[in-house]
Amino acid sequence: MRAAALLLVLLALAGCGGTVQVEPPVPQGPAVAACGKLATLLPQTLDGEPRGTSTPESPYVAVWGDGVIALRCGVPRPARMAPTDQLQEIGGVGWFPDPEKPALFTAVTDSAYVEVTVGGEHTAAEVLSDLSKAVGQISPQAGGSGGPADSTLFYTLNAP
C-alpha cells in the first residue's frame, strides 16, 4: 500500500497537472487528532509552491504545486526504519530519510508519522525546515531538543 501511494506521488512529480492523486493514509489512535491538528497548521505556500488539491480529498494529505511536494500524515512506521537508525533533526523534528527513495522523508513524533515527498528542483532541507514548524506543534516530544537546527541525533523510535 505504501509503495502504491509513493508511486502515485511520483507520477504527480513527473508532471501531471491539475488535481494530484495521492492515496490518503488511515491514521490510528493518537495519530487521528495529531494529523487533524497538523492539517490546520500547514502553510498555504511551501518553497514558492502554492497549496494544491489532491484526490481523493483527505485532511491527512497536503500537496503543493502540481504535487511536486506531497505530505501524508498518519502513515505506518517506515518498514526500513530500525529502532537504532539516525534521524536528521531539522527545526526540532526528527526526520527519517528513506535510504532507497531519496525524495522520501518521514517525520517521527510521539503521536504520528508524517511522510513527505520532495521532488522537482526543491531542496529537501528547506522544505522540511518549513514543515517542521507545523509538525513540531503536533506533539510535545517533537519540538523540544533545544539543539542546533540541523544536527544528527539518535532517537529511540518507540513512536506510534
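**Notebook: around Trp95**

I began with Trp95 and, setting aside its neighbours within four places in sequence, I found it in contact with Leu87, Gln88, Ile90, Phe105, Thr106, Ala107, Val114, Val116, Leu128, Leu131, Ser132 and Val135. I keep in mind that this is a predicted model.

Next I looked up the nonpolar cores. The largest has 28 residues, and Trp95 is listed with Leu38, Leu71, Val114, Val116 and Leu131 as having the most contacts inside it. Two or more residues of this core come from each of α2 (30-41), β5 (61-64), β6 (69-75), β8 (93-97), β9 (104-108), β10 (113-118) and α3 (124-135), and α3 gives the largest share, five residues. Apart from this core I noted another, of six residues, including Val75, Met81, Leu87 and Phe96.

I then turned to α3, where the buried residues are Val127, Leu128, Leu131, Ser132, Ala134 and Val135. These residues lie on the same side of α3, because they cover an arc of only 150 degrees around the axis.

Last, I followed β8, which is mostly covered, with four of its five residues buried. The hairpin of β7 and β8 has two residues between the strands, and Gly91 in the turn has a positive phi of about 60 degrees. On the other hand β8 runs antiparallel to β9, joined to it by four bridges, with Gly94 opposite Val108 in β9. Here the hairpin passes from β8 to β9 through six residues.

How values were computed: Residues numbered from 1 in each chain as written. Predicted model: local features only at pLDDT ≥ 70, side-chain atom pairs only at ≥ 80, totals over all residues. Heavy atoms only, no water. Core = buried A, V, L, I, M, F, W, Y, C linked by side-chain atoms within 4.5 Å. Buried < 20%, exposed > 50% of the residue type's maximum accessible area, 1.4 Å probe, protein only. Contact = heavy atoms within 4.5 Å. Arc of directions from axis to C-beta. Pairing = 2+ DSSP bridges.
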